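Please consider the following protein model, shown with its sequence.

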Amino acid sequence: MRPTGKRTPAKAVSPVTSSRDLEQLVHLAQDGIAIIGSDLHFLHLNERMAAMTGLPAGQHPDLTLRDLDRSIALALDPILSRTFAEGRPSMDLELVVPDGKSQGRHWFFCVYPLKDSTGSVSRCGMVVQDITEQKARESAQRERLQVEAFLSDLSSAFINVSVSEVDRKIEDALQKLVEFLGFDRCSIWHLSDDGSSLHITHSFALPGIEQPPPRIAGLIPVWISMIKRGEIFRISDVDELADTFWSEKKYCRDHGGIRSIMFIPASIGGTIVGAITFVSYRVKREWPDELTQRLRVLWEIFANALERKRADEQIQHALAEIKQLKDRLEAENVFLRDQIHVEYKHEDIIGKSAAVRNVLVQIKQVASTGSTVLILGETGTGKELIARAIHNESPRSARAMIKVNCAALPAALIEAELFGHEKGAYTGAVSTRVGRFEAANGSTIFLDEIGELPLELQSKLLRVLQEGQFERLGNSKPIKVDVRVIAATNMSLVQAVKDGTFREDLYYRLNVFPISLPPLRERREDIPLLVWAMVEEFSKVFGKAIERIPKKNMEAMERYHWPGNIRELRNLVERAMILNNGATLVVDIQDGTAGAGIAPMTIEGMERMHINAILEKTGWRIRGRNGAAEILGLKPTTLNSRMKKLGIRRKTALSELK
C-alpha cells in the first residue's frame, strides 16, 4: 500500500477535540471512522469502517493495524505516529489497498489529532472513504477518452486522402488498431457480387498469429448470411456458440484456435460491400457496446475510402479502354486508308475448276477456327483475297483485317510497324505509336511475304504466336493480344529453313493449316470467267460496253503461260479496255499469237514487256533477294535507269488481287 496523491474529500471533516463530539460524529458519519490510541490500537470504530476492514466492529478493540493487515500498517503507522508526535492533522491521503484483485481497493483518508484536557494528543481520529468504484469510473473514462482520441486521429488521417494512398493508410490503421486496442488480428473482407464468398483485401496480425485465408466460401455460412443482412456479430468465447454455428466453430478451431471474434458489415449506397473482423487468439476479449459503435464508425470511413478508390479505378480502367479503343481505331484508319472503299466477298473468288473448289472447301473448314493459316502460291494468284475470305467467314469479321507486307517495309522500321513504339524509343519517335499487332487485337492480321521478315524479328513473331504477347519498342511491359495470324508467301519456306534465313520453329508454327493456291496456268478453264468478270468491272468504271471477245483471242489467253497469274491477266484486260473503242475487245497476248489488227512488236517493246512481266512477278520489288534486278541479272541502279528510259511505271489499279 502506498500514498498515491491528494484529492478533496467527499465530505469535509473539521478537527474534533472533545470525546462527546467525536462519538456523535462517529455514529452519524457515512464514511469509515476509527479512533486510534497512542499505542496504535483501535479504541472505537463505526460499522462502515468495520465493513472496510472485513471484521465485525466488536473484534477490533485491542487490535492494531498490523494485526489486521501488515501492508496497511506499513503505510498508516508512520502517519499516525507523526500525528501523535507533532499534533498536526494529515489530510487528503490516498492509498491502494491490496485485496487479491488486479487493481486493489482505493482508500482516501484524513488523520486528525485528538487532545485531552491537558492539551496532549492522546488519540487520533481517522476518516476513510472507499473510492474504488469512483477510481474505476475515472479509469474507464480516461480509457474512453484515449480510445476516442485514438480513433479520431485514425479517422482524420482519411480526410482528403489521395486514392493512391488509401491502401497504405488502411494498412497502417489496421496495425495501430491491433497494437493499441489489444487485438491479435484485424482484417477487411470484400463480399463477392453473388454474396457467396468473402475475399480478403487488407489484414494485419501480430507476430506468430496466423493470417486468414485469402478467400472464404462455404466455411462460415451463418456468418456470411449475417454479413449480407448487415448484422454486427460479437462473441467473447467461441466455445459458447450455439449448435447452429457448428461450421463457424470448426472454422475457428481449424484456423489457429480463435477464442473471441467480432465482425462489422459495411454498406455503401444501401448495398453490403464487405466486413471488418477483429480477432483474439490468446485471451477472451469483451466487446463493449461503446467500443463497438466507435469501431463501426471508423470502419464506415475505411469502407468509403475503399469504395472511392474502387470507383476511381473503374474510371481509370474505363478511360484506359477508351484510349485503347481510340488508339486502335486511329491505327486501323492509318492501316486501312488504301482499302476503305473496297469490299471483299466470296463472289470475288471466281472459278469452276477443281482446284478453286478445293480452296473454297479449305476456306470453309478453317475460317471458324482461330488457327494460323499459311497461304502458299506464286505472285498474283490471289493470296490476299483468300486471306480476306477466311477473315470474313470467321467470328472476327466484325473487325477489320490488318494487312502487313513484310517485303515492302524497311528492315529498320518493320519492328516498330509490327509492335509499336514508345515516345523516345529511338531517334524520330516523337510520340507513342500503336503497332499493327495491337491494332489487330480481337481481329486478324495478314502477314504477306512472310519469308521476307528479318531473322531477328522472327523470334518476336514466334512469341506472339506462342504466348499472345509482345513488348513495344522502348517499353518492357508485355502487351497481351488476341490476334489470328494468316501468313502468305510465294517462296519455299522449307528451302529458306535449309538456307538458314527462316526459323524452323516459326515455320512449324505458321504451317498449321497450309492452303496452296494454283497458278492460273493450272486452272485454264477459269480464264473466260475471270476475263468477263474483269470486263464487267472495268465497263462500269470506263463507261464502255463490251459485247464480245473474239474466240481466237480467248483461246490465246487460255494457251498463254501467265507468269504473273491473275494480276497479269487483270493488267492486260485493263489496258485493253482503255485502248478499246468498240464493242469487241481484243486482249494483247505476247505468246506469238496476236489479236486482229495488232502490229508486230519492236525489240524495245519486247524489252519493255519482259521487264514489266518480271516486275509483276516480284510485286514491283527491285532490290533484294529474288528481286527484279537479281532475276534480270542487272544492278538495281541499272534497272532503274532502263525503266526510266522505257517509260515503265507501276500503275495504280482499282483493287489489287494477290
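Which residue is the bridge partner of Ile-188 in β11? The partner is Ile-276. The model is predicted, with local features needing pLDDT of at least 70 and side-chain atom pairs counting only at pLDDT 80 or more, while totals for chains, interfaces and linings use all residues. Residues are numbered from 1 along each chain as its sequence is written, and side-chain values use heavy atoms, with hydrogens and water left out.

The protein contains 22 helices and 18 strands; these elements are DSSP runs numbered from the N terminus, helices being H or I with at least four residues and strands E with at least two. Of its 658 residues, 45% are buried, where buried means under 20% relative accessible area, exposed over 50% and partly exposed in between, computed with a 1.4 Å probe on protein chains only. Among the contacts with a separation of 6 or more, 64% link residues 24 or more positions apart; a contact means heavy atoms within 4.5 Å.

Two strands count as paired if DSSP finds at least two bridges between them. In general, strands of a sheet pair through backbone hydrogen bonds, either parallel or antiparallel. Here six strands form an open antiparallel sheet in the order β8-β7-β6-β11-β10-β9. Because β8 (215-217) and β9 (233-235) at the edges each have a single partner strand, one side of each is left without a neighbour in the sheet. From one strand to the next, the twist averages 25°; axes are lines fitted to C-alpha atoms, for helices over the stretch in contact, and angles run from 0 to 180 degrees between N-to-C directions.

Two helices accompany this sheet. Helix α6 (residues 166-181) packs on the sheet and touches β6, β7 (197-205) and β11, its direction making about 65° with that of β7. Helix α7 (residues 221-228) lies across β6, β7, β8, β9, β10 (260-268) and β11, at about 35° to β10.

Elements of this region also line a cavity. On a 1 Å grid over the protein atoms alone, a cavity is a set of points where a 1.4 Å probe fits but cannot get out, and lining residues have an atom within 4 Å of a point. Of the 13 residues lining the largest cavity, Trp-189, Ile-220, Tyr-251, Ile-261 and Thr-277 are the closest to its centre. At least two lining residues come from each of β6, α7, β10 and β11.

A further open sheet has five strands in the order β2-β1-β5-β4-β3, with antiparallel pairing. Its edge strands, β2 (42-45) and β3 (90-97), each pair on one side only. Three bridges connect β1 (residues 32-37) with β2, and Ala-34 stands opposite Leu-45 in β2.

Finally, Ile-515 lies in strand β18 (residues 513-516). Ile-515 counts as buried because its relative accessibility is 0%. Leaving aside neighbours within four places in sequence, the contacts of Ile-515 include Val-359, Val-373, Leu-374 and Ile-390. Asn-358 is 157 residues away along the chain, yet the C-alpha atoms of Ile-515 and Asn-358 are separated by 9.5 Å.

Note on methods:
1 Å grid on protein atoms, 1.4 Å probe; cavity = no way out; pocket = protein on both sides within 12 Å on 5 of 7 lines; lining within 4 Å.
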